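Open the structure in your viewer and keep the selection tool ready. This tour goes stop by stop.

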Amino acid sequence: MCDTCGCNVTPAADEHAVEVLKGLLDANDHEALHNREHFQRHNVLAINLMSSPGAGKTALLEATIEALGGDLRIAVVEGDLETENDAERIRAKGVPAIQITTGSACHLDAHMVHDALHELELDDVDVLFIENVGNLVCPASFDLGQHINVALLSTPEGDDKPAKYPVMFRAADLVLVTKSDLLEVLDDFDPDAAERHVREIANPAPLLKLSARTGLGMDGWLEWIRREAGSRE
Amino acid sequence: MHELSLCEALIDQVTNIAREQQVSSVSDIFVSVGPLSGVEGPLMRHAFPIAAAGTVADQAELHLETTGIRVRCEECGEESDAKMNNLVCASCGDWRTTLISGDELILQRVVMGEARV
Ligand SMILES: [Zn+2]
């Protein structure tokens, strides 16, 4: 019948037990599928941004909106706890931003994103950025319905982050090496080593070096967004 | 700690099953956890009683069964054991592998307690 209420269970032989074989995240995944249908229907490219706190997600978003705002209609679902002003900062750039109040939650889930989607006019959006909670562990387990996961790896964090947080970096479709303008002064971040760590967890995701502050490498990222948005029309 | 959210989702599923089976409590819950599921066993055990309090699983024991990590190589086709942060093929050393097991997070089995009166 349905797979949400447990009515597909079969009883075990001896004791009174039931075999279930159901994912703990089934309810979330079901809602994520629903979100994906929303995006499909309105031709929206949904990008989930994940990183540790302070890796520069909001700064990247601001620079991205400034550069792309003319060509693509952008909206933001803001889920980061760190700075309550994040949504304000985004709105100041002239794009709609919905703040999700996560309370003490360490991740966004598909239900929270779904509620936020209903506050947006998706017909007027080409690219939706979901800024996840700054945390390299919890957000990785929850599908939000996004098309693409982007993980930010800021150079001061060190090049071995993908080896320390394999669940997160395995889920990434693109890795952005942020604050790359610092590469010349940092001696413990080797971009080749970062790439090697990503490959060692069997992830073919490209790595792009950029700096939202200096504009270094932003072209490649913007080009990547344009291509992904174009392929969905 | 997303383990609390996961325990709450687990309790929802278990509560539905108990209702179906017409029991007022369950005694044992078996969950298989892959190392790459993103779940920490100790955190899960810590969160479980909080989520289970006052539910059919109030007195239940949570059994976590850790699964192994296995990959299949897309280059040479061999299967091998792997580690969380090293999923390369043990046979030929290529990194292009597919995970066969190790990221699961599955409610396997629930043992019922007392029948509802
Ligand atoms: Zn091989």
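**Stop 1: where the chains touch**

Select the contact between the two chains: chain B gives 35 residues and chain A gives 33 residues. Remember that this is a predicted model. How much area do chain B and chain A bury between them? About 2900 Å², with 61% of it on carbon and sulfur atoms. Now pick B:His2, B:Trp95 and B:Arg109 in chain B. These lose the most area to chain A, together 20% of what that side buries.

**Stop 2: charged and polar pairs across the interface**

Side chains of opposite charge can pair when their charged atoms come close. How many salt bridges does the rule find across the interface of chain B and chain A? The count is 2. For polar contacts, the count between the chains is 13 residue pairs, both residues at pLDDT 80 or more.

Next, colour chain B by element of structure.

**Stop 3: strands paired between chains**

Select strand S2 of chain A, residues 17-23, together with S6(B). The two strands run antiparallel and are joined by 5 bridges. Zoom in on A:Ala17. Which residue of S6(B) is its bridge partner? That is B:Val111.

**Stop 4: a salt bridge inside chain A**

Step back to the whole structure. A search over all chains finds 17 salt bridges. To see one of them, select A:Glu62 and A:Arg89, whose closest N and O atoms are 2.6 Å apart. A:Glu62 sits in helix H2 (residues 57-68) of chain A, and A:Arg89 in helix H3 (residues 86-91), so the pair ties together parts that are 27 residues apart in sequence.

**Stop 5: confidence**

Colour by pLDDT to finish. Chain A has a mean of 90, and 92% of its residues reach 70 or more. Select residues 1-8 of chain A: here the pLDDT is below 50. Beyond near neighbours in sequence, this stretch has 14 contacts in the model. Chain B averages 95, with 98% of the residues scoring at least 70. The model scores ipTM 0.90 and pTM 0.91.

Conventions:
Residues numbered from 1 in each chain as written. Chains lettered and ligands numbered in written order. Heavy atoms only, no water. Contact = heavy atoms within 4.5 Å. Buried area = accessible area lost by both parts, 1.4 Å probe. Salt bridge = Lys/Arg side-chain N within 4 Å of Asp/Glu carboxyl O. Polar contact = N/O pair within 3.5 Å; in protein donor to acceptor, adjacent residues only side chain to side chain. Pairing = 2+ DSSP bridges. Helix = DSSP H or I, 4+ residues; strand = E, 2+ residues; numbered from the N terminus. pLDDT = per-residue confidence, 0-100.
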